[in-house]
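Open the model in your viewer and keep the selection panel at hand. The tour goes stop by stop, with a note on what to select at each.

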Amino acid sequence: MASILAVDDSASMRKMVTFTLKSAGYDVEEAVDGVDALVKAQARQFDCIITDVNMPNKDGITLIRDLRSLTSYKYTPMLTLTTESGMEKKMEGKAAGATGWIVKPFDPDQLLKTLKKVLG
Amino acid sequence: MSIDMSQFHQVFFEECFEGLEAMESGLLNLDMGDIDSEVINTIFRGAHSIKGGSGTFGFTVVADFTHVMETLLDEMRDGRRKVTQAAVNVLLGSVDCLREMLTSIQNEQAVDETSVAKHKAALEQELNGLATTEPAPPVVNTSPAITAAIDDDSGDTEPLELNEQGWKIAFCPYLDLLKTGNDPVRMFRELAELGELTALANTQDIPGIFELDPEECNISWDLKVTGDIPVGEIKEIFNWVEGDCELDIQALVTTPVIKKAAPLTKKAELEPPAPAAVAAPGPIPAEDPVKPEDIKAKEPAKPAQAEPEIKNVVAASSSIRVDTAKIDALINMVGEVVITQSMLGLVGENFAMDKVDQLKKGLAQLERHTRDLQQSVMNIRMLPISFVFSRFPRLVHDISSKLGKKIELKLVGENTEIDKSVVELINDPLVHLIRNSLDHGIEMPASRLAAGKPETGTIELKAYHRGGHIVIEIIDDGHGLDRKKLIAKAIEKGLIDENATLTDKQAFELIFMPGFSTAEKLTDISGRGVGMDVVRRNIEALGGNIEITSEVGKGTTIAIHLPLTLAILDGQSVAVGDETYIVPLVSIIESINITEKMLNKVAGKGETFRLRNQYIPIIRMHKIFNVQSRNASKMAEGVIVVVEGQGVLCGLFVDDLLGQQQVVIKSLEANYRRVEGVSGATILGDGSVALILDVPGLVRFSSR
């Protein structure tokens with residue numbers, strides 16, 4: 001099953017995302033911010049990255065930009081978790097190389113449906 | 001898939017409260033003159049996370065409320081809005097309001113809607129106020145749950161725009177499309193799920209093999225999906241690549257309901273043969289009214305999922321957070337104990353006298369491990385005192401602005417650890433003492449300047465370990481205690497005799513007397529008469545004591561000494577006759593032998609002996625406790641244990657020293673009643689009970 005790195009500084013969101021993905025059979029690893037995620041993403045290859053945008057230490061946009069510049073993550077789908085008001089952020093995310101976005105708030109079904117878009 | 005979201009609620013609430021605390025301390029730390037953008041960012045993130053979480057977990061009230069806060073903070077973060085003290089105060093109020101909301105929700109109580117509305121209005125007023133450097137964008141106060149249902153900015157998703165036959169899509173990706181991780185093949189697969197898909201790839205733009213860059217997308221596609229598909233679903237598939245491609249979505253045949261004729265003509269222009277149009281039978285009008293209903297029925301279903309699901313909230317438990325390192329240490333220790341136990345088991349299996357050494361070794365090891373294990377367990381109960389301290393910046397901020405005073409609070413030693421039970425009990429006395437310092441200690445800015453002091457007063461809250469105790473000091477640089485005033489007041493209240501001569505220390509101690517209050521008029525901050533005497537009583541009930549030093553014009557220092565834990569104590573066991581008593585090790589200075597000749601007897605005042613130029617009173621323990629002593633009269637055969645209690649040295653005359661050990665304190669009050677000079681009892685290794693001496697109490701008792 002596809003492996004996913006879920007990045008969010010909020011423990012409850014992270015738990016929710018992880019739980020949902022694991023229930024659907026995905027192999028999930030968590031990271032608490034961009035710095036943590038970058039280390040974990042380099043330690044093993046993930047099939048997809050899901051990241052929050054607003055995080056301390058390193059935000060989601062910078063994380064995506066950093067990951068995209070690595071050969072191993074050149075084509076990996078990366079999704080941002082963003083709020084409905086953040087059209088700018090969506091575009092900023094895209095400019096940094098994000099594949100797409102999931103709009104907060106979302107429920108588990110929405111999450112899985114969106115994920116299917118990139119993991120097939 | 002259905003997932004029970006309530007399982008995340010507990011974490012969510014904990015996180016919210018943490019976030020609120022971070023926001024609060026961030027707001028309090030904002031220096032109006034020099035705004036630190038990282039601080040604003042932290043505050044913003046707090047609001048943002050709460051909003052995101054509350055939306056997801058279905059607490060719409062909270063999400064709506066934090067949305068306004070977030071908007072305000074976002075503008076501050078971008079520098080579009082000036083950070084004003086007024087705005088900070090409104091935000092602080094909102095933090096309180098949010099905390100109340102979350103507490104209510106957590107406890108399954110109704111949210112106080114008037115308070116919420118009030119704070120929200122204040123926020124919106126701030127938001128629409130003139131403080132912006134640029135006109136503020138209008139506050140879009142849509143419920144996030146609804147906007148999230150379909151995230152489409154074009155707004156043309158009216159369900160009427162249906163097509164019986166399908167859509168023709170011209171999809172021409174730009175060269176960089178692949179670099180965002182988007183894959184046309186995946187999108188086609190999605191389209192294929194909606195209806196029957198035919199894809200025609202245009203490969204004429206693919207360059208020769210030598211110019212070809214495999215990372216670029218050189219193919220464009222003409223796609224046709226047939227089926228009954230709303231345009232919104234098609235658009236959603238291409239949502240992420242908007243801006244990375246040229247996209248043209250045309251209906252194969254439009255139904256009469258749709259007014260747009262333009263796409264049809266345009267399509268006709270582009271593709272004169274229009275093979276699709278040939279395969280277009282007339283739409284059956286009867287089906288039209290059915291479809292919109294289908295879609296309408298789907299739509300309300302989504303907001304419904306976002307309805308508050310409060311029923312399953314787990315009631316707040318009195319849990320504590322423990323550092324995983326502490327738990328690891330604990331597990332490590334348990335492992336050691338198990339190893340020792342199995343080793344002892346082995347020795348015991350075929351015991352012979354030649355194994356005594358091995359046995360002793362094992363027992364010594366067991367003792368060491370038990371002690372370590374005990375320490376590790378106690379450690380889990382230890383919390384940094386910042387748990388108590390962290391709420392004071394807010395207190396000081398609120399009260400000082402109410403009083404019109406300028407006060408800076410300094411926190412020192414916040415990481416000093418203290419037993420959880422002490423943490424819970426020390427809070428109220430500290431609040432009282434700090435309020436006192438704010439209200440009575442620090443002067444108004446004008447009088448401070450007149451006295452040649454900086455306008456801003458300082459209160460320092462300091463914690464540190466000393467011996468087996470933790471010391472908490474509250475130091476202010478206010479006007480100090482005036483002993484003359486104190487004495488006059490005490491005489492007026494009839495608390496002391498008019499002719500009494502008091503040392504400075506005794507004069508300061510007056511404020512701890514019941515019914516004493518120095519404030520000329522009562523304020524709502526402090527001084528309701530139930531003051532310092534209660535504080536002192538509470539602290540003494542914790543086994544601590546409180547000391548006060550002060551200098552007129554310079555300030556006041558209040559020091560509180562508390563035991564680290566209320567459960568265990570390092571003790572020295574001493575023998576008095578057939579009884580064993582425990583003297584807390586922290587209060588022992590030294591133990592010595594003296595002879596009868598060294599005693600000085602003072603008529604009516606008992607005995608003293610001289611120790612390095614200091615006369616120390618002797619307490620004969622067997623007399624105090626009325627126990628038959630073996631050495632009743634012979635000083636030389638017993639031992640003097642020199643102890644310190646409340647700053648006074650004293651010699652306890654006992655028969656013998658037995659040994660040092662850690663003892664578990666059992667309350668005497670709970671099992672018998674309070675006895676002066678005894679702080680509790682413990683059970684010794686042989687099963688007998690030993691009393692633990694309360695040294696300060698003994699000193700007081702014997703000086704009478």
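Begin with chain B, where 29% of the 704 residues count as buried. This is a predicted model, so read each stop accordingly. Colour chain B by secondary structure: there are 24 helices and 22 strands. Among its contacts with a separation of 6 or more, 70% join residues 24 or more positions apart.

**Stop 1: chain A**

Switch to chain A. Buried residues make up 53% of its 120 residues. Five helices and five strands are present. Follow them along the sequence and the pattern reads β-α-β-α-β-α-β-α-β-α. Of the contacts in chain A with a separation of 6 or more, 58% are between residues 24 or more positions apart.

**Stop 2: where the chains meet**

Show both chains. Here 32 residues of chain B are in contact with 35 residues of chain A. On the chain B side, select helix H1 (9-29), helix H2 (37-56), helix H6 (144-147) and helix H7 (184-194), the elements that each give two or more residues. Which of them gives the most to this side? H2(B) does, with eight residues. By class, the chain B side holds eleven nonpolar, twelve polar and nine charged residues.

**Stop 3: the nonpolar cores**

Now select Leu5(A), Ile49(A), Ile50(A) and Met101(B). In the largest nonpolar core, which has 70 residues, these four touch the most other members. Helix H4 (residues 85-106) of chain B gives the most to this core, with nine residues.

Centre on Ile49(A). Set aside its neighbours within four places in sequence, and its contacts are Leu5(A), Val7(A), Ala41(A), Leu67(A), Thr76(A) and Met78(A).

Another core lies apart from the largest one. That core has 38 residues, including Ile407(B), Leu486(B), Ile560(B) and Leu564(B).

**Stop 4: H4 against H5 in chain B**

Two packed helices are described by the angle between their axes and the distance between the axes. Select H4(B) together with helix H5 (residues 113-128) of chain B. The two pack at an angle of about 150°, with their axes 10 Å apart. An angle over 145 degrees counts as roughly antiparallel, and H4(B) and H5(B) are therefore roughly antiparallel to each other. Their crossing is left-handed.

Show side chains at the contact:

- From H4(B): Ala87(B), Val90(B), Gly93(B), Ser94(B), Cys97(B), Glu100(B) and Met101(B).
- From H5(B): Ser115(B), Val116(B), His119(B), Ala122(B), Leu123(B) and Glu126(B).

These residues divide into seven nonpolar, four polar and two charged.

**Stop 5: H3 against H5 in chain B**

The axes of H3(B) and H5(B) come within 9 Å and cross at roughly 25°. Are these two helices roughly parallel or roughly antiparallel? Angles under 35 degrees count as roughly parallel, and H3(B) and H5(B) are therefore roughly parallel to each other. H3(B) passes H5(B) in a left-handed crossing.

Again, show the side chains:

- From H3(B): Val61(B), Phe65(B), Val68(B), Met69(B), Thr71(B) and Leu72(B).
- From H5(B): Val116(B), Lys120(B), Leu123(B), Glu124(B), Glu126(B) and Leu127(B).

The contact divides into eight nonpolar, one polar and three charged residues.

Next, pick Leu127(B), in helix H5 of chain B. Leu127(B) is buried, with 21 other C-beta atoms within 10 Å.

**Stop 6**

Most residues other than glycine have a negative phi.

Go to the loop between H4 and H5 of chain B, the place of Glu108(B). Phi of Glu108(B) is positive, about 60°, although the residue is not a glycine. Buried or exposed? Glu108(B) is exposed, with 11 other C-beta atoms within 10 Å.

Finish at the loop between helix H22 (621-624) and strand E18 (639-645) of chain B, where Asn626(B) lies. Phi of Asn626(B) is near 55°, again positive in a residue other than glycine. Asn626(B) is exposed, with 7 other C-beta atoms within 10 Å.

Definitions and conventions:
Residues are numbered from 1 along each chain as its sequence is written. Chains are lettered from A and ligands numbered from 1 in the order in which they are written. This is a predicted model: local features need pLDDT of at least 70, side-chain atom pairs count only at pLDDT 80 or more; totals for chains, interfaces and linings use all residues. A nonpolar core is a set of buried Ala, Val, Leu, Ile, Met, Phe, Trp, Tyr and Cys residues joined through C-beta atoms within 7 Å. A residue is buried if 20 or more other C-beta atoms lie within 10 Å of its own, exposed if 12 or fewer, and partly exposed in between; C-beta atoms are placed from the backbone. Helices (H or I, at least four residues) and strands (E, at least two) are DSSP runs, numbered from the N terminus. Two residues are in contact if their C-beta atoms, placed from the backbone, lie within 7 Å. Axes are lines fitted to C-alpha atoms, for helices over the stretch in contact, and angles run from 0 to 180 degrees between N-to-C directions. Angles under 35 degrees count as roughly parallel, over 145 as roughly antiparallel, 65 to 115 as roughly perpendicular and the rest as oblique. A crossing is left-handed if the near helix is turned anticlockwise from the far one by less than a right angle, and right-handed if clockwise. Ala, Val, Leu, Ile, Met, Phe, Trp, Tyr, Cys and Pro count as nonpolar, Asp, Glu, Lys and Arg as charged, and the others, Gly among them, as polar.
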